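Visitor: Hi there! Could you walk me through this one? I'd like to ask things as they come up.
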Amino acid sequence: MNKHQTTQKFSFKNLPVHIILIGMCIIWLVPTIGLLVTSFRPVQDINSSGWWTIFAKPKGAAEYQTYCASCHGDDGTALPEADLSDPNLVAQYKRSFTLLPSLNSEINGQPHMGSISVPDETQTANIIAYMKRMSGIDSSSKITLDNYIDAFTGYRGNNTYRADCASGNQSLDLYCDIRDLMNPRGMGRAFVNSLLVAIPSTIFPIFIAAFAAYAFSWMDFKGRQWLFALLVGLQVVPLQMTLIPISRLYAQLGLNGTFQGIWLFHTGFGLPYAIYLLRNFMGSLPKEVFESAYIDGASHWTAFRKLAMPLSVPALASLTIFQFLWIWNDLLVALVFLGGEHPVLTYQIGNMVTSLGAGWQMLTAAAFISMALPMLVFLLLQKYFVRGMLAGSVKG
Ligand code: HEC
């Protein structure tokens, strides 16, 4: 490969490619940002306006700027005798008909507004709204954590969790403290359950597969090729086909609805691919390294621990990511083998909305809660992610 190719300088020849890539990023990013912004908006706002209005100026700001700012200043404090950011003063002007007379009256023998025309009634109402915001009387924010709190606690009432707790509504069987997070209806509990499912279901198969892959690559035994071929063949068994036999078996063993059962299932289904990928990787490690180790008297156990494992870190890491993400996003297996007993995130998200579509503002927060960990994993292990995809395509 020559130097020119490896450095990949920007040139106009790739311009179409760049434009397409940027376009794809925008198509992906804009709805995601929209969802993120929506998840922080109060439900009344979500129902009445689009998420992009959050970037718009507050109501009345434009009118205030046109009519009042020249004398009272941008923040309302330019005239200390009439400080428009003083809540006591603003409280006197509840409606436009309370403010308009003051604007029409004369101050020190001059018209209040000088040569500027007096705003009409709706404009005045908007200006009052802006004055209330400026003075802090109206603190209702455009941004709230309520959707996240409701999603984490799984709360579905007429009002938000915070409002109903503040009003002391006792019929709701709430603790109104940290204990509500462990409520089986909520995403908080489901998040913990998802972790309890995903972490062991990732570690077990990869751990076992590492041993098997070593054996397939560096140990000579009869029928090795046949066994490996059988394993590769096992990958084509569709998961759905095994649901009935395994759930009947689990019923006899009492494993239905338990974490052990789902760990076992994911381990079984993760193994063939994990062994296949790791074997391909370990098999391609330099032979001489292992041979010289054996000649020096290293046992298989030592070679596995000191050579094969450290050298396979890239493959192990990418496998970990893929297995983890797949289990994190799995609904089918969790639904069949755990169900409502230990609800996981994917299951709980489906429960968030009623069949009538109410409560969908919580879904925006719920979606981000369930996205957070995969995104973190992806960002932290990006380097292995790309290598993992290559390991699958180039060597496999
Ligand atoms: C031409 C300059 C000017 C403009 C424009 C102006 N004001 Fe004033 N405003 C004044 C002056 C001067 C005072 C009197 C300050 C004092 O009490 O000495 C005042 C006083 C006030 C007071 C207190 C009145 C009272 O009776 O206590 C309010 C409220 C007020 N302005 C609101 C507004 C609003 C709202 C606008 C925009 C729609 C506005 N003003 C535009 C100059 C202006």
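Guide: Happy to. One term to begin with: contact means heavy atoms within 4.5 Å. As for the source, this is a predicted model, where local features need pLDDT of at least 70, side-chain atom pairs count only at pLDDT 80 or more, and totals for chains, interfaces and linings use all residues. Residues are numbered from 1 along each chain as its sequence is written, and side-chain values use heavy atoms, with hydrogens and water left out.

Visitor: Good. What is His72 in contact with, leaving aside its neighbours within four places in sequence?
Guide: His72 has contacts with Tyr64, Thr77, Ala78, Leu79, Ala82, Leu84 and His112, once neighbours within four places in sequence are set aside.

Visitor: And where does His72 lie?
Guide: In helix 5, residues 69-72. Helices here are DSSP runs of H or I with at least four residues, strands are runs of E with at least two, and both are numbered from the N terminus.

Visitor: Is His72 buried or exposed?
Guide: His72 counts as buried, because its relative accessibility is 10%. The cut-offs are under 20% relative accessible area for buried, over 50% for exposed, and partly exposed in between, with a 1.4 Å probe and protein chains only.

Visitor: Changing topic: how is the chain divided into domains?
Guide: Domain 1 covers 61-135, domain 2 covers 146-182 and domain 3 covers 187-395. Those bounds come from an automatic or database domain assignment. The centres of domain 1 and domain 3, taken over C-alpha atoms, are 65 Å apart.

Visitor: How do helix 9 and helix 20 pack?
Guide: Helix 9 (residues 146-153) meets helix 20 (residues 360-380) at an angle of about 75°, and their axes are 8 Å apart. The axes are lines fitted to C-alpha atoms, for helices over the stretch in contact, and angles run from 0 to 180 degrees between N-to-C directions. The two helices are therefore roughly perpendicular to each other. On that scale, under 35 degrees is roughly parallel, over 145 roughly antiparallel, 65 to 115 roughly perpendicular, and the rest oblique.

Visitor: Which residues make the contact?
Guide: From helix 9, Asn147, Tyr148, Asp150, Ala151 and Phe152; from helix 20, Gln361, Met362, Thr364, Ala365, Ala366, Phe368 and Ile369. They divide into 8 nonpolar, 3 polar and 1 charged.

Visitor: Which residues of helix 16 are buried?
Guide: Ala303, Phe304, Leu307 and Ala308. Seen down the axis of helix 16, these buried residues fall within an arc of 130°, so they line one face of the helix. The arc is that of the directions from the helix axis to the C-beta atoms. The buried residues of helix 16 pack against helix 11 (187-218), helix 14 (259-283) and helix 15 (287-295).

Visitor: What does Ala308 touch?
Guide: Tyr214, Met282, Leu285, Phe290 and Ala303, not counting residues up to four places away in sequence. Ala308 and Leu285 are 23 residues apart along the chain, with their C-alpha atoms separated by 8.2 Å. Ala308 counts as buried because its relative accessibility is 0%.

Visitor: Which residues of helix 13 are buried?
Guide: In helix 13 (residues 243-253), the buried ones are Leu243, Ile246 and Tyr250. They cover an arc of only 75° around the axis, so they sit on the same side of helix 13. The face turned away from that buried side carries the exposed residues Ile244, Arg248, Ala251 and Gln252. The buried residues of helix 13 pack against helix 14 and helix 18 (332-337). Just after helix 13, Gly254 takes a positive phi of about 70°.

Visitor: Which residues other than glycine have a positive phi?
Guide: Examples include Asn108, with phi near 50°, and Cys176, with phi near 60°. Asn108 is in the loop between strand 1 (106-107) and strand 2 (110-111), and Asn108 is exposed, with a relative accessible area of 77%. Cys176 is in the loop between helix 10 (161-166) and helix 11, and Cys176 counts as partly exposed at 37% relative accessibility.

Definitions and conventions: Ala, Val, Leu, Ile, Met, Phe, Trp, Tyr, Cys and Pro count as nonpolar, Asp, Glu, Lys and Arg as charged, and the others, Gly among them, as polar.
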